[in-house]
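Subject: Structure for your review

Dear colleague,

Please find below the structure that I am handing over to you, together with its sequence.

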Amino acid sequence: MSLIKSRIRVSDHGEVFTPPWMVEAMLDLVKGETQRIDSRFLEPACGSGNFLVRILQRKLAAVELKFGKSDFEKRHYALLAVMCTYGIELLEDNIAECRANMLEILADYLKLDESDQLYRAAFYVLSQNLVHGDALKMRTSDDQPITFAEW
């Protein structure tokens with residue numbers, strides 16, 4: 001995995017990606033929170049989702065341990081795990097990739113396809129929780145204030 005997409009993006013936006021080993025080490029510092037399904041995480045420079053994807057995967061592992069035998073509860077709590085993750089990203093291609101990565105993790109876990117109602121619900125939640133904007137100014141890409149829903 002390359003830590004940069006291009007030198008221009010590094011110089012223009014300070015874009016550098018956190019390597020997986022460092023993501024794991026940092027998340028291990030708050031391990032209990034990453035395993036709590038309803039804990040909330042905000043990544044103010046989420047990029048393509050290196051942190052948020054691993055947080056979601058950890059939360060889904062907790063869902064599996066607690067609710068894996070009940071399809072209804074498994075689906076319910078998996079969606080809750082998604083609903084508790086938030087991100088802001090300055091670059092449009094990165095936020096699109098982050099949304100897709102998060103949705104793919106959930107869809108793979110629950111074996112969802114695009115026609116599933118839960119898939120569509122998660123797609124909507126991610127469109128609201130993962131914002132294309134500037135976390136320093138707290139403004140969206142179309143200059144609206146960034147606000148997050150608490151589901």
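The paragraphs below go from the overall fold to the helix packing and then to individual residues.

Please note at the outset that this is a predicted model.

Overall composition

The chain contains seven helices and four strands. Their order along the sequence is α-α-α-β-α-α-β-α-α-β-β. Of the 151 residues in the chain, 42% are buried. Among the contacts in the chain with a separation of 6 or more, 67% are between residues 24 or more positions apart.

Packing around helix α5

Helix α5 covers residues 71-83 and helix α7 covers residues 117-129. Their axes come within 9 Å of each other and cross at roughly 15°. Angles under 35 degrees count as roughly parallel, and α5 and α7 are therefore roughly parallel to each other. The crossing of α5 past α7 is right-handed. On the α5 side, the contact is made by R75, L79, V82 and M83; on the α7 side, these residues meet L118, A121, A122, V125, L126 and N129. By residue class, the contact of α5 with α7 consists of eight nonpolar residues, one polar residue and one charged residue.

Helix α5 also packs with helix α6, which spans residues 92-110. In this pair the axes come within 11 Å and cross at roughly 170°, which makes α5 roughly antiparallel to α6. K74, R75, A78 and V82 of α5 meet L106, Y109 and L110 of α6. The contact of α5 with α6 divides into five nonpolar residues, no polar residues and two charged residues.

The buried arginine R58

R58 is located in helix α4, which runs over residues 50-67. Is this arginine buried or exposed? Its relative accessibility is 10%, so R58 counts as buried. The side chain of R58 forms a polar contact of 2.7 Å with the side chain of E24. Leaving aside residues up to four places away in sequence, R58 touches E24, L27, D28, K31, T34 and Q35.

S127 in helix α7

S127 lies in helix α7 and has a relative accessible area of 28%, so it is partly exposed. The side chains of S127 and Q128 are joined by a polar contact of 3.3 Å. The C-alpha atoms of S127 and R99 are separated by 7.2 Å, although these two residues are 28 residues apart along the chain.

Two residues with positive phi

Which residues have a positive phi although they are not glycines? M138 is one of them, with a phi of about 55°. M138 is placed in the loop between β3 (130-134) and β4 (139-140), and at 35% relative accessibility it counts as partly exposed. D143 likewise has a positive phi, of about 65°, and is not a glycine. D143 lies in the segment after β4, and its relative accessibility of 48% makes it partly exposed.

Yours sincerely,

A colleague

Conventions. Residues are numbered from 1 along each chain as its sequence is written. This is a predicted model: local features need pLDDT of at least 70, side-chain atom pairs count only at pLDDT 80 or more; totals for chains, interfaces and linings use all residues. Side-chain values use heavy atoms; hydrogens and water are left out. Axes are lines fitted to C-alpha atoms, for helices over the stretch in contact, and angles run from 0 to 180 degrees between N-to-C directions. Helices (H or I, at least four residues) and strands (E, at least two) are DSSP runs, numbered from the N terminus. Angles under 35 degrees count as roughly parallel, over 145 as roughly antiparallel, 65 to 115 as roughly perpendicular and the rest as oblique. A crossing is left-handed if the near helix is turned anticlockwise from the far one by less than a right angle, and right-handed if clockwise. Contact means heavy atoms within 4.5 Å. Ala, Val, Leu, Ile, Met, Phe, Trp, Tyr, Cys and Pro count as nonpolar, Asp, Glu, Lys and Arg as charged, and the others, Gly among them, as polar. Buried means under 20% relative accessible area, exposed over 50%, partly exposed in between (1.4 Å probe, protein chains only). A polar contact is a pair of N or O atoms within 3.5 Å; within protein, one must be able to donate a hydrogen and the other to accept it, and residues adjacent in sequence count only if both atoms are side-chain atoms.
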